[in-house]
Amino acid sequence: MTLQEYDYARESPSKLAASCLLLALTMKNLGGWTPTLEHYSGYCSQDLHPLVKRLNFLLTYQPRDKLKAVRTKYSQRAFFEVAKIPPLDMLKLEEKLKSC
């Protein structure tokens, strides 16, 4: 979804990927940012928090009529319907990120 948003073009691809992973782990309650993830990504959890919050906020947007291909694709069963997972409430996200 970030490919459709110009604001994310300035982010490094590795930081964007790491932030997406942290958000996914948080949304699915699969744990936090581990020392192994920090080692291999090169990012500590606190470095990713602002971008994770922006990504979660991006998920709250209603799909635009012209730019709904990504949501439609990832709403299919073949992609585990991940586009249908509701975004986290910002306060809950903040609490979960503090524990990472």
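Tutor: Start with the lining of the largest pocket. Helix 1 (13-27), helix 3 (45-59) and helix 4 (69-73) each supply at least two of its residues. Keep in mind that this is a predicted model.

Student: Which helix gives the most to that lining?

Tutor: Helix 1 does, with four residues.

Student: How much space lies in the largest pocket?

Tutor: About 660 Å³. The lining has 20 residues, and the closest to the pocket centre are Met 1, Cys 20, Leu 59, Val 82 and Ala 83.

Student: What makes a residue part of a lining?

Tutor: A lining residue has an atom within 4 Å of a point of the pocket. By class, the lining of the largest pocket holds 16 nonpolar, one polar and three charged residues.

Student: What makes helix 1 roughly perpendicular to helix 3?

Tutor: Their packing angle is about 70°. The range for roughly perpendicular is 65 to 115 degrees. So helix 1 is roughly perpendicular to helix 3. The two axes are 8 Å apart.

Student: How do you know that helix 1 and helix 3 meet?

Tutor: Contact means heavy atoms within 4.5 Å. On the helix 1 side, the residues in contact include Leu 16, Cys 20 and Met 27. On the helix 3 side, they include Leu 48, Leu 55 and Leu 59. The contact of helix 1 with helix 3 has eleven nonpolar, four polar and two charged residues.

Student: Why are helix 1 and helix 5 called roughly perpendicular?

Tutor: They pack at about 105°. Again, 65 to 115 degrees counts as roughly perpendicular. Helix 1 and helix 5 are therefore roughly perpendicular to each other. Their axes are 11 Å apart.

Student: Where do helix 1 and helix 5 meet?

Tutor: Leu 22, Leu 23 and Thr 26 of helix 1 meet Leu 93, Lys 96 and Leu 97 of helix 5. That contact has four nonpolar, one polar and one charged residues.

Conventions. Residues numbered from 1 in each chain as written. Predicted model: local features only at pLDDT ≥ 70, side-chain atom pairs only at ≥ 80, totals over all residues. Heavy atoms only, no water. 1 Å grid on protein atoms, 1.4 Å probe; cavity = no way out; pocket = protein on both sides within 12 Å on 5 of 7 lines; lining within 4 Å. Points joined across faces, edges and corners; volume = space filled by probe spheres on them. Nonpolar A, V, L, I, M, F, W, Y, C, P; charged D, E, K, R; others polar. Axes fitted to C-alpha atoms, helices over the stretch in contact; angles between N-to-C directions. Parallel < 35°, antiparallel > 145°, perpendicular 65-115°, else oblique.
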